[in-house]
Amino acid sequence: MGTVDLHIHTTASDGTMTPAEVVALAKELGLEAIAITDHDTAAGAGPGVAAGLAAGLEVIPGIEISAAFREREIHILGYFIDPEDAALAPVLDWVVQDRDRRNEQIAAMLERDGYGVSLEALKRENPGAVIGRPHMARALLAGGHVQSVGEAFDRFLAEGKPYFLPRTFLPLQQAVDSIQTAGGIAVLAHPLWWGFEDDFLRDMIAAVKAAGVIGMEVRYSTYTPEQTAYAMALAEEFDLLPTGGSDFHGAAKPDIQIGAGMGDLNVPRAWLDSLRARRDDMR
Ligand code: AMP
Ligand code: FE
Ligand code: FE
Ligand code: ZN
């Protein structure tokens with residue numbers, strides 16, 4: 001049985017490849033299915049599904065919504081959503097408005113200090129995309145102010161650095177509800193990525209489960225083998241379905257390839273089938 005990749009970003013958010021380019025690459029790499037999961041937008045999902053139909057690759061329409069647990073950022077993945085569902089639009093519009101407000105402030109601070117990053121230019125260069133810090137990082141790179149996107153985060157944009165500003169996150173329950181209302185199932189993204197203390201991590205997993213999340217990412221591109229084993233044990237302990245994906249962003253995260261991370265990701269197709277079966281049960 002083949003493998004799948006259930007966590008992929010496109011130009012609809014902060015990836016550098018279009019949905020059609022992602023589909024072509026996944027097909028070339030021999031994956032059996034992928035999910036398009038852009039940050040806070042479903043705009044890449046429809047084009048991805050259409051490209052998948054044309055190319056003969058199964059594409060799951062998805063999303064990755066930023067939410068808060070006790071004021072800390074967490075990410076909730078949604079699979080099998082209807083990207084056009086009317087319930088999704090107001091929630092995502094709210095997120096984008098909050099992002100816009102923050103983007104304007106960060107761009108103004110950079111501009112003031114001579115790092116000219118124009119939000120207007122970013123919007124022009126990334127039409128329709130949900131703009132975030134990665135786009136500013138790329139602008140800093142293009143302007144010759146840093147040597148890499150990573151350096152832009154390390155020196156300017158990461159939390160605690162001079163040009164970081166917080167955003168307002170959706171309450172966890174609202175993120176899960178909007179995914180379910182749009183016909184999807186909710187899954188916890190990269191729980192070990194944030195570096196939470198173990199007690200906090202467990203409280204967080206219990207809370208997302210109580211909110212309606214039915215799975216969690218146990219295979220993820222940056223996990224060490226120890227983290228993968230720990231994530232698997234947590235999924236079993238909390239009775240959550242195992243899922244996995246690369247979090248591919250194209251050239252924005254050059255170390256991450258579709259279907260692979262530091263080693264092979266090997267997310268079995270059977271895990272996708274189990275997610276779909278759960279979705280069918282919930283309908
Ligand atoms: P934002 O949603 O605007 O707060 O930006 C967060 C996004 O920036 C994450 O989803 C990552 O894709 C990206 N990101 C965060 N930290 C880094 C980093 N150190 N290097 C490259 N990309 C990063
Ligand atoms: Fe991202
Ligand atoms: Fe994420
Ligand atoms: Zn992601």
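**Exercise 1. The surroundings of His-39**

Work out which residues His-39 touches, not counting residues up to four places away in sequence.

*Solution.* Start with contacts, meaning heavy atoms within 4.5 Å. His-39 touches His-9, Ser-13, Asp-14, Glu-64, His-75, Arg-99, Val-130 and His-249.

A quick note on the ground rules. This is a predicted model, where local features need pLDDT of at least 70 and side-chain atom pairs count only at pLDDT 80 or more, while totals for chains, interfaces and linings use all residues. Residues are numbered from 1 along each chain as its sequence is written, chains are lettered from A and ligands numbered from 1 in the order in which they are written, and side-chain values use heavy atoms, leaving out hydrogens and water.

Next, place His-39 in the fold: it sits in the loop between strand S2 (33-36) and helix H2 (45-55). Helices (H or I, at least four residues) and strands (E, at least two) are DSSP runs, numbered from the N terminus.

Then check the accessibility. His-39 counts as buried because its relative accessibility is 11%; buried means under 20% relative accessible area, exposed over 50%, and partly exposed in between (1.4 Å probe, protein chains only).

Finally, look at one of its neighbours. The side chains of His-39 and Asp-14 are joined by a polar contact of 3.3 Å. Such a contact is a pair of N or O atoms within 3.5 Å; within protein, one must be able to donate a hydrogen and the other to accept it, and residues adjacent in sequence count only if both atoms are side-chain atoms.

**Exercise 2. The iron ion (ligand 2)**

Identify the protein donors of the iron ion (ligand 2) and their spacing along the chain.

*Solution.* Donors are N, O and S atoms within 2.8 Å of the metal (3.2 Å for Na, K and Ca); water is not among the atoms, so sites may look incomplete.

With that in hand, pick out Asp-14 (OD), His-39 (NE2) and His-249 (NE2), which lie 2.1 to 2.2 Å from the iron ion (ligand 2). Read along the chain, the spacing is D-x24-H-x209-H. That pairs up distant parts of the chain: His-39 in the loop between S2 and H2, and His-249 in the loop between strand S8 (241-245) and strand S9 (267-268), 210 residues apart. His-249 is buried, with a relative accessible area of 2%.

**Exercise 3. The zinc ion (ligand 4)**

Decide what geometry the site of the zinc ion (ligand 4) has, given its four donor atoms.

*Solution.* List the donors: His-7 (NE2), His-9 (NE2), Glu-64 (OE) and Asp-247 (OD), at 2.0 to 2.2 Å.

Now the angles, which run from 83 to 171 degrees, making the site irregular. The rule is that four donors count as tetrahedral if all angles lie between 85 and 135 degrees; four count as square planar and six as octahedral if opposite donors are over 155 degrees apart and all others between 65 and 115; anything else is irregular.

In sequence, the zinc donors follow H-x1-H-x54-E-x182-D. This links His-9, in the loop between strand S1 (3-8) and helix H1 (19-28), with Glu-64 in strand S3 (residues 58-69), 55 residues apart. Both of these residues, His-9 and Glu-64, are buried.

**Exercise 4. The bridge**

Find which residue bridges the iron ion (ligand 3) and the zinc ion (ligand 4).

*Solution.* The iron ion (ligand 3) is held by Glu-64 (OE), His-75 (ND1) and His-190 (NE2), at 2.0 to 2.2 Å. Glu-64 is the bridge, and the two metals lie 3.4 Å apart. Glu-64 in strand S3 and His-190, in the loop between strand S6 (185-188) and helix H8 (198-211), are 126 residues apart.

As for burial, Glu-64 has a relative accessible area of 1%, and His-190 counts as buried at 2%. For the other iron, 5.0 Å separate the zinc ion (ligand 4) from the iron ion (ligand 2).

**Exercise 5. Ligand 1**

Find how far the oxygen atoms of ligand 1 are from N or O atoms in the side chains of His-39, Arg-167 and His-249.

*Solution.* Take them in turn: 3.0 Å for His-39, 3.4 Å for Arg-167 and 3.1 Å for His-249. The protein covers 82% of the 500 Å² of accessible area that ligand 1 has on its own. Those areas come from the Shrake-Rupley method with a 1.4 Å probe; for residues, only the protein chains shown count as cover.
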